[in-house]
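Q: Got a model open here and want to go through it bit by bit. Can you take my questions as they come?

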Amino acid sequence: MNEMIRSLENKPGLSTVGGIDCDLHPASPSTKTLLPYLEEYWRETFVMRGVDRLSLAMTSSPPRAPINVRSDWKAESGFAGDTLDAVRAQALDPFGTRLAICNVLHGSMIMHSDDMAAALCGAVNEWLAREWLDREPRLRGSIIVSAQNADLAVAEIEKRAADHRFVQVLILAQNDEPLGRRRYWPIYEAAARNKLPLCVHAGGSNRQAPTATGWPSYFVETYVAQASIFESQLLSLVAEGVFHKVPDLKVVFAESGFTWLPSFFWRADKTWRGVRAETPWLTEQPSDIVKRHVRFTIHPVDAPPDRDALARTLEHIDCDDILLFSTDYPHAQFDGLNALPAAFGETLAKKILIDNPLATYPRIAADFKEEVAK
Amino acid sequence: MARHVVARVDELDIGKSKLVKVAGRDIALFNVKGEFFAIANRCPHEGADLCRGQVVGLAESDEPGQYRMTRHGELVRCPWHGWEFDIRTGKSWCDPARTRVKSFDVSVTKGGALAEGPYQAETFPVSIDEDYVVVEI
């Protein structure tokens, strides 16, 4: 690895004590693990068809790839984060985490069969509630859905929303169509109605190439291409008018990176001026809409190698509200406990750790208020 | 301030524009539904000639998928990058406070009245019976 980049990642970070970790990954459950949480039809036919022996982990996020398992967090099983004890010992206690949002990445979010996808998403959510949220009060959950069938996704959101430990809806960055398209709007309306931000996490169905120029050969290309997928999705959400149609919607981009935002803002704002009549519902420049509605988890930081350069990038983004703390556990984004680079500075660090997550997640903010009242 | 005769009214049809030079300045003159307006010709973005831009209405919307065209013929789109300017005020639609061109007062006057001055019609033969566009600079 480049020595300069290595040295930045090794530098002592700022304290994360008391923070809200907005992107933590319990290991994707095996299909066998999910059987008790499936309805009888699916349970029996999965066993009959041998589906229970399949891994439904996503190839876009292979659970044993080095980037997805930090070596010192890897268990004998080859996975990380596959037990609650491991998550407590590695992801919660050492960082002094107050609350962490569990983003379970599972193949059900991108299956072709609408019904099987919905059944499995429901099982994963139920498994998360029973095996994780019931047992650890510092954990919160994301409701995973398949965006492919909006009606079924809405049904799952409405069913799960009664449990206030679920604090957001989770979909993947790459789907059948750009995320601004109207077929997805019922999902966004259901999320906003239930005070749930929509988390868009890196990864996807690979039904189109992950780059706009075609299929790459290697993971390095796929991983780096995630940032451009997010750029396209961000502009799709803005241009199609999602935030005008659903003004209460908050979107959280997880593992999108954020250091690409300045050039994205400049290009989008400039271009909008020339073609804005095509989307007359956009009455303000795209960057203003993004700053009001969209948040970004900090990892991966994709930082320039020196501290001052990151500070300049933050100046260019020109919005202290936009970043949310994350460890991205157990992915290998930093060494030791250096989850929060010193370049953020103490003042912004507090916003990233606590204030911004509270402003983003109404359900977490309500928990905090209750605690204060006690 | 001086008032300059810049065109005969019948030279500029409704919806059309014309470049005029007044006191060393390039000015884009527009006929909006029979009313005349004058703005600085140079787009503040990269300097294109606004007099060559398309004259358009204002596209508005109450929500995505709904389209409404208002203020027919009251905006000009810069021919290079499409930025829209309000012909009445010179302000750009996207950034009216910071991105704007100077707007000049315009009136229409009979040639007979013009002969009495203090109008300046340096290069312009004025006839008593015609109507003229007068720009104040």
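Q: Which order do the six strands of the open sheet in chain B take?
A: The order is β1-β9-β8-β4-β3-β2 in chain B, with antiparallel pairing. Strands here are DSSP runs of E, at least two residues long, and helices are runs of H or I, at least four long, numbered from the N terminus. Two strands pair if DSSP finds at least two bridges between them.

Q: Is this predicted or experimental, and how's the numbering done?
A: It's a predicted model, where local features need pLDDT of at least 70, side-chain atom pairs count only at pLDDT 80 or more, and totals for chains, interfaces and linings use all residues. Residues are numbered from 1 along each chain as its sequence is written, while chains are lettered from A and ligands numbered from 1 in the order in which they are written.

Q: Back to that six-strand sheet: which strands stand at the edges?
A: β1 (3–8) and β2 of chain B. Each has a single partner strand, so one side of each is left without a neighbour in the sheet.

Q: And how are neighbouring strands turned against each other?
A: By 35° on average, direction ignored. Axes are lines fitted to C-alpha atoms, for helices over the stretch in contact, and angles run from 0 to 180 degrees between N-to-C directions.

Q: How many bridges join β2(B) to β3(B)?
A: Six, with β2 (residues 17–22) and β3 of chain B running antiparallel. One residue pair to click on: B:S17 has B:F30 as its bridge partner. The two strands form a hairpin with two residues between them, and B:A23 takes a positive phi near 45° there.

Q: What about β3(B) on its other pairing, with β4(B)?
A: Six bridges again, antiparallel, with β4 covering residues 35–40 of chain B. B:L29 stands opposite B:A38. This hairpin also has two residues between its strands, and B:K33 in the turn has a positive phi of about 50°.

Q: How many residues of β3(B) are buried?
A: Six of the eight in β3 (residues 25–32) of chain B, making the strand mostly covered. Buried means 20 or more other C-beta atoms within 10 Å of the residue's own; 12 or fewer is exposed, anything in between is partly exposed, and the C-beta atoms are placed from the backbone.

Q: Where does B:A38 sit relative to β8(B)?
A: B:A38 stands opposite B:F104 in β8(B). β4(B) and β8 (residues 103–110) of chain B pair over two bridges, antiparallel.

Q: What's the order in the three-strand open sheet of chain B?
A: β5-β6-β7, with antiparallel pairing. The edge strands are β5 (54–60) and β7 (84–86) of chain B, each pairing on one side only. Neighbouring strands in this sheet are turned by 60° on average, direction ignored. β6 (residues 68–77) and β7 of chain B are joined by three bridges, and B:V76 stands opposite B:F85.

Q: How many helices and strands in chain B overall?
A: One helix and nine strands. The C-alpha atoms of chain B fill a box of roughly 55 × 25 × 20 Å along the principal axes, and 31% of its 137 residues count as buried.

Q: Switching to chain A. At what angle do α6(A) and α7(A) pack?
A: About 10°, with the axes of α6 (residues 150–160) and α7 (residues 185–193) of chain A 8 Å apart. These two helices are therefore roughly parallel to each other; the cut-offs are under 35 degrees for roughly parallel, over 145 for roughly antiparallel, 65 to 115 for roughly perpendicular, and oblique for the rest.

Q: Which residues meet there?
A: A:A150, A:A153, A:V154, A:I157 and A:E158 in α6(A) meet A:P186, A:I187, A:A190 and A:A191 in α7(A). Contact means C-beta atoms, placed from the backbone, within 7 Å.

Q: Is A:I157 buried or exposed?
A: A:I157 is buried, because 23 other C-beta atoms lie within 10 Å. The C-alpha atoms of A:I157 and A:A191 are separated by 7.1 Å, though the two are 34 residues apart along the chain.

Q: Last one: how many residues does each chain bring to the contact between A and B?
A: Twelve from chain A and ten from chain B. On the chain A side, α10(A) gives the largest share, three residues.

Conventions: Contact = placed C-beta atoms within 7 Å.
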